[in-house]
Each structure stands twice: as structure tokens, then as C-alpha cells.
Amino acid sequence: MAMAETKKSAGSATIAAGLREAFYAAVIAFFMFVLLVGLKTDQNIHNELVLVPRPYLLATVVVIAAVVRFLQVVYLTPFLVAQKTVNASTGQLPTAFALRFFSKPNLVIGLVVAAGLLLFGNSLQAAVGPYWGAYVGLLRAAAIIYVVAWAIFYFRSFIGAHSYSLGFTILLIYPVVMVSLFGFQGSLKWVDNFGIQILIYVMLAWGLNIVVGLAGLLDLGYVAFYAVGAYSYALLGTQFGWSFWILLPVAGTMAAMWGVILGFPVLRLRGDYLAIVTLAFGEIIRLVLINWREVTNGAAGISGIPKVSFFGVISFNVSDPNYISKVLGIAQSGAYYKIFLYYLILALCVLTGYVTIRLRRLPVGRAWEALREDEIACRSLGINTTTTKLTAFAIGAMFGGFAGSFFAARQGFVSPESFIFLESAIILAIVVLGGMGSLGGIAVAAAVMVGGTEILREMQFLKQIFGADFTPELYRMLLFGAAMVIVMVWKPRGFVGSREPTAFLKERKAVAGSFTKEGHG
Amino acid sequence: MQYFIQQLINGLTLGSIYGLIAIGYTMVYGIIGMINFAHGDIFMVGAFTALIVFLILGAMFYSVPVAAALLIMMIVSMLLVSLYNWVIEKIAYRPLRGSFRLAPLITAIGMSIVLSNFVQVTQGPRNKPIPPMVSKVYNVYGVSISLKQIIIVVVTALLLVIFWYVVNKTSLGRAQRACEQDRKMAALLGVNVDRTISITFIIGASLAAVAGTLFLMYYGVVVFSDGFVPGVKAFTAAVLGGIGSIPGAVLGGLAIGFIESIWSAYFSIDYKDVAAFSILAIVLIFMPSGILGRPEVEKV
């Protein structure tokens, strides 16, 4: 009885605290947003700026801030505390939230909803009209995601044990599945915008992982090597008509050379000084590309970059005599080229990953990791830090160059616009969010961050909910930045925060990243 | 010679703005050892706040004296932008204090993306021009000095004096310097470290807000992406002067301002940023801890 009362009074105290915090949040949100959200600067017909008040939007934002803060104080924080508190009578921790959320009854509901909406969703959408139809679509997507997540959750140990072969198989059959689901024309979007786009970032992030994740050198200008690779292929390909297969190693070599050129002067710098100098180099390369108009055509960029051919045997230009549909006797379609590019970037990614895994076991890879953990100890043990750092820069840059020449071939057009600092930041964010040094974690991070923002373009049903002038693309980078902050606060070590040793006595034991201390390299 | 002095005056103006932003970078780095990438965007939010206050003043009153308008813009912008930086520190940096080195850097980059895109979404992606606030130009021995430039230099000098007083003569400044030297020891001696760090962010944001207001007054135009380039240059200035050193930040800001204006006057305006960044790289290679920075001694 007395216990129940204390519990009750504790509950009302939490609610009182929640209301107080919600009030503070509302006041803070009001002052933060009163000018920037409450008023919009618009140009009138005389080209002067005028202010348009938006009181309702401001009120909505303030209310949302208050509600979120209230929920956090009253429900989320006590819930997280309860998850870590042992039950006094049983002496055990409460069942993990994930186990309760992914329970079998829930799966049945999820399966029924998903199957029902897959079968009857379209007719239901037609019946209830576009507004409620949007919610039907949302529910269908949520049910499918739940079922997939359930499967992943229950087979997590299997997936964990076979992650590389499973991931590779899925990636290998991905275009086939997409073509059989949506047809050649319909699959273009999924293979190109999702598959190729994500894989380019996977490759870039794995390349940067060598510099940041393995060698521990903070590089904020990685996009410079990407640009060098892209412009090498673009310039040599358009000027001399050389093939992609000759220029791919050339672009990689050029980028590696630039890696050494940029790496050499900054060898003495450490930590944040290194970061700012690499950022400066990235900006210098971009500014040179913009201003050296005689060679790079300035901000207008280079267009008409030749397509990749299948080792010269099969071409993807419709006018060529060995065009793919003429050689194989099939109908013309632009999708073949995209599927070919998909497998090409997949092969490049596999190459990057394989080289990284093998390098970690070589003396140079071990020297990188030693350098990351403690530079002084490294020197004391007689490791040549100069060559170790330079090889890290060169090899990381080489993969950036490969990715760059692929990018140029895929777009058929390059301009300095594609190589801004934001790209470096995104690649670095993927490396850190995935867990530095972990290839699998980085691939997942790339899929989540890049795929997640790409999928926003597809969410046309949001237009039905928020009104026709709502453009989800506008919020893409806003949500990307917010996701970076949230994931980092939630998991500061990234998705895969453990360290796997390359040398071990009896069995390989992963070490939690928080036990390792990184030097200031 | 007159042309050269003219360029020095332009460089001084530009350098004052960079210096004000650079102080925010260097103070935050000094106290928690983190590159606050969002600081450039804090500066941009300051400029936007000032812009909106300017428009409100223009809409509500028939005419406001320019000095009063500028003062109101600065004060409102300082208050609101401090609030922004305070909230950002609380939600994005404080939970990661004591975490590994790259985590707060990534949240800072995330916050920078959030801030610039937030302004883009709420205020639109276009340039926001305002009519010139101050247009008087003085001619001294063939060198033209605009009133705008005088205002910028005087305001900066005034703020630096106040700031110098706060850091060196008040208990708040003492707490701050203590935290900078040894956070754990300062906490043991009764310094409220969390509060000191919050105040550091607030001071940095106020200086950036003033810089934003002056930037708006000087150029008469602002756009959501304006945070990046001045931010990077101010950070360059902080590193050039020796990061963690407050006089170094001002010195570095002035150096970057002079380099930029002289390079664009005598060589090529296209490559002025390349020149600033190259000089940064060269200085760091030969003087790895900047002009006034303490050499980093690593204890094993």
C-alpha cells in the first residue's frame, strides 16, 4: 500500500518535472525560432525583401519541442533507466526491449498486415482516396520493414557469422531481383540511384578507412583524390580517347601520387593541424579546378566523357557496331549499361575490401594500426613512421582515384560542384558512424545514410500528408545532419565499435573500442 | 603606395571579421580540444538574425538612426545566437565529452549541415540583399576609407578590449583559463566546469553574431551557405595564430585578411583563397604550432 503510494507520488513528480522541462523547452524553442521560423524573408515585385509572418508554423514547432521534451523526461529516460535496473524480487534484468518488440505474436500481426496490404493495398488506396491512401502506403512500408527487421534480428548470429558471404551474395543478385520485380526500365532507379550510388560511397569510405580507420590520420580533404581520379579520366578520356581500362590504373596512380605529394609536407603535423591542412588541400584542388579554365573548363565542367566498354568487346554506345544489343541480339535498353556499371563498382568495392583485409595482415597494415594507437611507441619500436604514413595516404588516395574515374564514367560529366567539402564530410561521417576500421559497419553506415537520404526522394506520399508544395528532397541534408548527430550521441564508437585483432594466439576475440586508446596521430 | 595602404585597410576590415569568428574556434578548442565545425554556421545564423531584425526595424518604424539600428541588430543577434550555441553544446557536444576524439568532430559537422540546411529550408535558398545601411566614404590623402570599415574596426577593437578584460580580470575568465589548463583539477578545486564550458560557447557565439552583423552591413547580402567559407578561413586564422591562443586568433585573422586583400590586389582575385590556404600549409609545415601557439608536448 505504502509502496504503491510512493510509486504514485514518484509518478506525479516525474510528470511535474516533465511539464516543467517541457515549458522550458517551449520557451527556448520560441526564442530560437521566433525570427528564423516565425518570419520568412521574401522578395516582392520591387526586388526588396519583405517579411511574411508564419505564426502557425512557429506554434507547431514550439509545441513539437515541448512534447518531445515531455516524452523524453517522462517516458524515455525512466524507460532507459529501468532497462538497466535489476528487478528486486527476481534479481534479473528486465527482458531486453528488442526481444519484447520482436516477439512472435508481433511477427504474426506484421506478416498479416504486410501480406494483406501487398495484396489489397492498391485497391484499398483507390477506395479511400489519395489522402488516406498515403497512410496505407506508409503502413505497408512499415509492416514490410518490421518483418525484414524481425528476420534479421532472429538470424543475427547467423548473419554475424556469415556477414561477408551473405552481403556479397545479396549484392550480387540485387540487380537480377530488381529487374525481375520492376522490369528493365523500372529497375533503372533502383540499380542506379540506390545500388551504384551507395556502392560508390562504400568504396570511398573504405578507401578513407585506410587513412582514418587504420592509420588514424584525420583527413578532411579526401574528396580531392576523388576529384583527381575523376578529372584524370575525364581529361585523358575526352582528349585522347583512351579506354577506361587503361585510364583506371592511370587515375589511381595519379591520385596516389597526389596522396604522396600532399602527404609529404604534412608528415610532421598531428591531429587537428593535419585535419585543417588536408581540408585546405581539398579546397585548393577544388579552387584550382574552378579557376584553371584553359584545362578544366572551369565551373562549367567537362561533358561528353566516354562510356566504359566491356573490355572493348562489347560497347554501350548505340551507334557502335559492337553495341550490346547487336552482339547479343536483344532489344535496345539503357538499363544494360547501368547494370554493367553496377557490377563494375561492385567489383571495385570487392577489390578495395579485399586489399584492405589483406593489408591488415601485412607488416605495413600492422604498422598503420600501431601508429593509430600510439605514435611514440611506434617510433620507439623502430617503425618508420614516414613511410608508414605515406603508404596510408597513397593507398587510400588510390582507391579514391579509382572511385573518381568510375564516377566520371558513370555521370559522363564532371564539374567542381561534385567535389565540395560536404562530400569529404559525408565520407568521413560514414567511416566514423560505421565504426572506424570495420568494413562491414562502414558498408552498413553507407547504406543507411546514403540510401536513407535517397529514399526520401521516393516518399511522394508525404506530399499527400503535408500538402502539395512539400518537397521531401529539401529536407534530405537536414535529416542527414540530424542523423549524424543522433547516431553519434547514441553510439559514439559507431555501429561496429569493437576492434578485431589480426594476430591472435588461440582464438580471435573482439575488443570493445572503448578499451583502446587512440593517440593523437 | 596609396594603393598599398588602401589594400591594408581592406585587409584590416576583413581580418577583423575573421578574427572575431576565430576567437570562438580557438576558445572552444582550448577548453575542450574540439574543432567546432558548426561555428561558421553559427556566424551565418547571426547574419540572418541581424537581417531579419533589420527588416523588422524597417517595417515597424519610419526611420531609425543607423547607429541605433546597428546596435539593436547586434544585441538581438548576440542573444539569439548565444541561445543557439548553448543548446547545440548541450545536446550535441556535452554527451560526447570524454568520448573518443572524432565523435564530437562528427557531431559538429552534423550540426553544421543541420544549421545551414535549416536556414535554407526556413528562409529559402536565394541571396538576401539589403539596401546599404552606411554609405559615407572619407578620403584621406587619396586613400578612401568608408564609414563601414571604420565601424567594423572600431567595434572589433571595442569588443576585443571587453573580451580581454573578461578573460584576464574576472573570476569567470579565471575559471575559464583554469579549465583550459586542466579540466579535472579545476573541477576538484570547485570550478563549475559545465557552466564554464557553456559560457565559453556563449561568448564565442556572441562574437560570431557581431561578426555576422558586421558582415551583413559590409557586404549587404547574405545567403544560407555563407557560413562555410568565412568559417574555414577563420579556423585557418585560428590555426595560423596557434590554436588555443586568443591573441593568436586575432593575429591570424588579420594575417589572413591582409594576405587575401593583397593577393587579390596584386596577383589574381581568383586564387585569393588558394593563396590563403597555401600560406596556412607553409606556415604549419615550418611552424607546426602556429605563430603564438604553445608547442604540443606529449607526456607518455
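Start by selecting Ile430(A): apart from its neighbours within four places in sequence, Ile430(A) is in contact with Tyr201(A), Ala205(A), Ile442(A), Ala445(A), Ala446(A) and Met449(A). Contact here means that two C-beta atoms, placed from the backbone, lie within 7 Å.

Before moving on, a word on the model. It is a predicted one, where local features need pLDDT of at least 70, side-chain atom pairs count only at pLDDT 80 or more, and totals for chains, interfaces and linings use all residues. Residues are numbered from 1 along each chain as its sequence is written, while chains are lettered from A and ligands numbered from 1 in the order in which they are written.

Helices are DSSP runs of H or I with at least four residues, strands are E runs of at least two, and both are numbered from the N terminus.

Then pick helix α12(A), residues 335-361. Its 27 residues reach 40 Å from first C-alpha to last, close to the 39 Å expected at 1.5 Å a residue, where the expected span is 1.5 Å times one less than the number of residues. Show side chains for its buried residues, among them Ile345(A), Leu346(A), Cys349(A) and Arg360(A). Around them, look for α6, α13 (363-373), α15 (385-411) and α17 (439-458) of chain A, against which the buried residues of α12(A) pack.

Now for the other chain. Which residues meet where A and B touch? The contact takes 46 residues from chain A and 54 from chain B. On the chain A side, select α9(A), the source of the largest share, 12 residues. That side has 36 nonpolar, 4 polar and 6 charged residues, counting Ala, Val, Leu, Ile, Met, Phe, Trp, Tyr, Cys and Pro as nonpolar, Asp, Glu, Lys and Arg as charged, and the others, Gly among them, as polar.

Key:
A residue is buried if 20 or more other C-beta atoms lie within 10 Å of its own, exposed if 12 or fewer, and partly exposed in between; C-beta atoms are placed from the backbone.
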